[in-house]
Structure formats: structure tokens, C-alpha cells
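I opened this notebook to keep track of what I looked up in one protein structure. The entries follow the order in which I went through the topics.

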Amino acid sequence: MAHLGGLARVNPLEQQWYDPGVHPQEITEERALDYFSQPDSNPFYDRQCNNQRVRQQNFGKLDLAHLRSLQGTEYELVHSQTPELHVIQKQIRKSDEVSAVAQYYIVRGNVFQAPPVAAVLNARLKTVAHEIRLALSEALSITEFDPVNGSKWKQAYDMEEDTYRVDPARSKRTDEYIERTQTKRVWESILALERNFQGAVNEQAAVAAAAATAAA
């Protein structure tokens with residue numbers, strides 16, 4: 001609940017409304033929009049909408065053809081799965097274009113506002129980020145750093161002993177891999193030096209050969 005100018009502003013996503021005088025089994029596809037359209041008690045219903053105007057002009061009845069001929073804010077039933085679920089959409093009609101503003105779920109008589117897509121994505125991303133942080137923390141807790149060998153996994157963790165088991169076979173394989181890797185890196189360094197200084201070596205050999213020829 002937010003406060004603005006000293007007044008409490010209720011987050012519509014935290015609100016819930018229902019009519020205790022209507023049994024959920026009575027809310028059929030034909031009556032879902034009527035159940036929602038209660039200006040005196042339903043905080044989600046805008047009494048200035050076109051639905052209310054049409055009802056006032058037709059003695060409480062909603063003429064859908066008349067409603068769709070008007071421009072402005074209106075409510076429409078967009079999905080119905082009697083008696084468990086009905087979806088009411090608040091939308092703005094401009095000529096032949098209709099823009100959705102919000103959607104409301106009627107779940108066995110209880111009305112909720114559906115969260116916007118951005119809010120859903122934000123919540124999902126926060127959940128994913130939290131799980132990734134947990135995974136990274138767990139990964140860091142079972143790695144160790146050695147100045148010579150660099151980072152590597154610790155031995156297998158034993159939950160009963162609350163310690164890391166020593167696997168001789170795995171340790172031997174790890175040491176052999178590190179040895180092969182270090183040997184390969186040394187030879188690559190030697191070959192790189194040889195390529196870089198081959199020209200200088202050849203030049204010195206040519207000078208020495210020329211000097212020997214001149215002395216002869």
C-alpha cells in the first residue's frame with residue numbers, strides 16, 4: 001500500500017472483491033459480466049465506463065451492439081470456463097481499434113486484477129537471478145585456487161561426514177591432466193620463442209659464415 005499526499009493508495013494487484021450474495025455456481029458465461037458490473041461495491045469497475053451508460057439507457061440491460069458503437073472505456077468478457085474461471089477485459093475503443101488496459105479474473109466468485117506482462121517478467125527474472133546467484137555461490141564453495149594449477153574443483157563432498165572425500169583415482173587423473181597441460185604449454189612457449197627469434201639466429205649464422213669465408 002502506497003501513500004500519496006497523506007492518503008493511502010491501494011495497489012489494485014493486492015485487492016480482491018466478491019459478492020457474498022451470489023453463489024459461484026450462479027456465475028455463468030451469460031452472467032459473468034453482470035456479476036462484475038456492480039458500481040456500488042466492485043472497486044475494479046469504473047462507473048464512468050460505457051457499459052454503465054448503456055445500462056442506464058436500457059433499464060439495466062447491456063446491449064452489446066450499442067456498446068460497441070461507442071468510443072471510450074468499456075468492459076468485455078474475453079474468456080469463460082464455467083464455473084471456475086471468467087476473464088473480463090477493460091479496454092478503450094477508438095473507432096475500430098480496441099486497446100486492452102487491464103484484465104480481471106473471476107475465480108469462483110472472487111475477482112482479482114491480472115498483473116501486467118512487465119510485472120510477471122520482472123518477477124520471473126528476479127527468481128532466475130536469485131537461483132543463478134545460489135548456483136554460483138555453491139560453485140564457488142566447492143572450488144579452490146592454486147597459484148600453480150589455477151582454479152579447480154574440490155574433491156567430492158560427503159554430506160554425512162561434512163567433508164570432502166579424497167578420490168585417489170580422480171586425483172591421479174587430475175594430476176596427469178595438469179601435467180600434460182603444463183607440458184603442452186611449455187612446448188608451445190618454446191616453439192613461439194623459436195619462431196620469434198629464428199630470423200635473428202639465421203642472420204647471425206649468415207654473418208659468421210661470411211666472416212669465416214673472408215678469413216679463408
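Below are my entries, beginning with the overall picture and then turning to single residues.

**Entry 1: what I am looking at**

I noted at the start that this is a predicted model, in which local features need pLDDT of at least 70 and side-chain atom pairs count only at pLDDT 80 or more, while totals for chains, interfaces and linings use all residues. I also wrote down that residues are numbered from 1 along each chain as its sequence is written, and that side-chain values use heavy atoms, with hydrogens and water left out.

**Entry 2: the whole chain**

I looked up the secondary structure, which comes to 5 helices and 10 strands; these are DSSP runs numbered from the N terminus, helices being H or I with at least four residues and strands being E with at least two. Of the 216 residues, 19% count as buried, where buried means under 20% relative accessible area, exposed means over 50%, and partly exposed lies in between (1.4 Å probe, protein chains only). The protein exposes about 16,000 Å², and carbon and sulfur atoms supply 55% of this area; accessible areas come from the Shrake-Rupley method with a 1.4 Å probe, and for residues only the protein chains shown count as cover. I then checked contacts (heavy atoms within 4.5 Å), and found that among those between residues at least 6 apart in sequence, 33% join residues at least 24 apart.

**Entry 3: salt bridges**

How many salt bridges does a search of the whole structure find? The search gives 6, a salt bridge being a side-chain nitrogen of Lys or Arg within 4 Å of a carboxyl oxygen of Asp or Glu. Side chains of opposite charge can pair when their charged atoms come close.

I looked up Glu-74 and Arg-93, whose closest N and O atoms are 2.7 Å apart in a salt bridge. Glu-74 lies in strand β3 and Arg-93 in strand β4, so the pair ties together parts that are 19 residues apart in sequence. Both Glu-74 and Arg-93 are buried.

Another salt bridge joins the side chains of Arg-68 and Glu-76 at 3.4 Å, N to O. Arg-68 counts as partly exposed because its relative accessibility is 43%, and Glu-76 is also partly exposed, at 23%. I also noted the salt bridge between Asp-40 and Arg-47, at 3.9 Å from N to O; here Asp-40 is exposed at 72% relative accessibility, whereas Arg-47 is partly exposed at 47%.

Asp-19 sits in the loop between β2 (7–9) and α1 (32–36). Leaving out residues up to four places away in sequence, Asp-19 touches Tyr-35, Gln-38 and Gly-109.

**Entry 4: His-86**

Is His-86 buried or exposed? His-86, found in strand β4, is buried, because its relative accessible area is 1%. I found a polar contact of 2.8 Å between the side chains of His-86 and Ser-80; a polar contact is a pair of N or O atoms within 3.5 Å, and within protein one must be able to donate a hydrogen and the other to accept it, with residues adjacent in sequence counting only if both atoms are side-chain atoms. A polar atom of the His-86 side chain also lies 2.9 Å from the backbone oxygen of Ile-27. Not counting residues up to four places away in sequence, His-86 touches several others, including Thr-28, Leu-77 and Tyr-105.

**Entry 5: backbone details**

I noted a cis peptide bond between Thr-82 and Pro-83, with omega about -5°, and Pro-83 lies in the loop between β3 (72–81) and β4 (85–94). Phe-59 has a positive phi of about 55° although it is not a glycine, and Phe-59 counts as exposed at 81% relative accessibility.
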